[in-house]
Amino acid sequence: MISRDVTIKNNVGLHARPATFFIQKANSYKSSIWVEKDDRRVNAKSLLGVLSLGIVKGMTVTIHADGIDENEAVDGLSELIDTGFTE
C-alpha cells in the first residue's frame, strides 16, 4: 500500500464534475483506492463517498492505493488533482 498527500487546487474542489472525473479515473485502476480527509476515509471509486467528504479548494487529502497498479493509481490521481482537472 502506498499513499500521497495532495492539495486541491481547482476552484470548486471535489464537487460534482471534478468528483466525477476523479472517480472515473479511480475506476480505471484495478487497485483498491481510498481518499482520506481528517479522520474519514472513503472509497475513491464511489461518487457519494467522495462527495460526502466536502473537499474544497485548498484542502489537503491523502490518496491511498493497494494493489497491482497502486503506483500508477496514486500518480494518475495526483496528477489529475495537480492539473486542476483539466484534460
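Accessible areas here come from the Shrake-Rupley method with a 1.4 Å probe. On that basis, this predicted model exposes about 4800 Å², and carbon and sulfur atoms supply 48% of that area.

**Overall fold**

Let's start with the layout. The protein has 3 helices and 4 strands, and along the sequence they follow the pattern β-α-β-β-α-β-α. The C-alpha trace spans about 35 × 30 × 20 Å along its principal axes. A compact globule of 87 residues would have a radius of gyration near 12 Å, and the 11 Å of this protein agrees with that. Of the 87 residues, 41% count as buried.

In soluble globular proteins, nonpolar side chains tend to be buried together. Here the largest nonpolar core holds 24 residues, and L14, F22, I33, V35, I55, I63 and I81 touch the most other members. Helix 1 (17-27), strand 2 (32-37), strand 4 and helix 3 (70-82) each supply at least two residues of this core. Helix 3 gives the largest share, 5 residues.

Leaving aside neighbours within four places in sequence, F22 is in contact with L14, V35, A44, V50, I63, L77, L80, I81 and F85.

H64 sits in strand 4 (residues 60-66), whereas N10 lies in the loop between strand 1 (2-7) and helix 1. Buried means under 20% relative accessible area, and the table gives the value for each residue.

| Residue | Relative accessible area |
|---|---|
| H64 | 8% |
| N10 | 10% |

H64 is therefore buried, with a relative accessible area of 8%, and N10, at 10%, counts as buried too.

What does the side chain of H64 join in a polar contact of 2.5 Å? The partner is the side chain of E36. Not counting residues up to four places away in sequence, H64 touches M1, I2, S3, S32, I33, W34, E36 and R41.

For N10, the side chain reaches the backbone oxygen of G13 at 3.0 Å. Once neighbours within four places in sequence are left aside, N10 is in contact with P18, K57, G84 and F85.

Methods. Residues are numbered from 1 along each chain as its sequence is written. This is a predicted model: local features need pLDDT of at least 70, side-chain atom pairs count only at pLDDT 80 or more; totals for chains, interfaces and linings use all residues. Side-chain values use heavy atoms; hydrogens and water are left out. Buried means under 20% relative accessible area, exposed over 50%, partly exposed in between (1.4 Å probe, protein chains only). A polar contact is a pair of N or O atoms within 3.5 Å; within protein, one must be able to donate a hydrogen and the other to accept it, and residues adjacent in sequence count only if both atoms are side-chain atoms. Contact means heavy atoms within 4.5 Å. A nonpolar core is a set of buried Ala, Val, Leu, Ile, Met, Phe, Trp, Tyr and Cys residues joined through side-chain atoms within 4.5 Å. The radius of gyration is taken over C-alpha atoms; the globule rule is 2.2 Å times the number of residues to the power 0.38.
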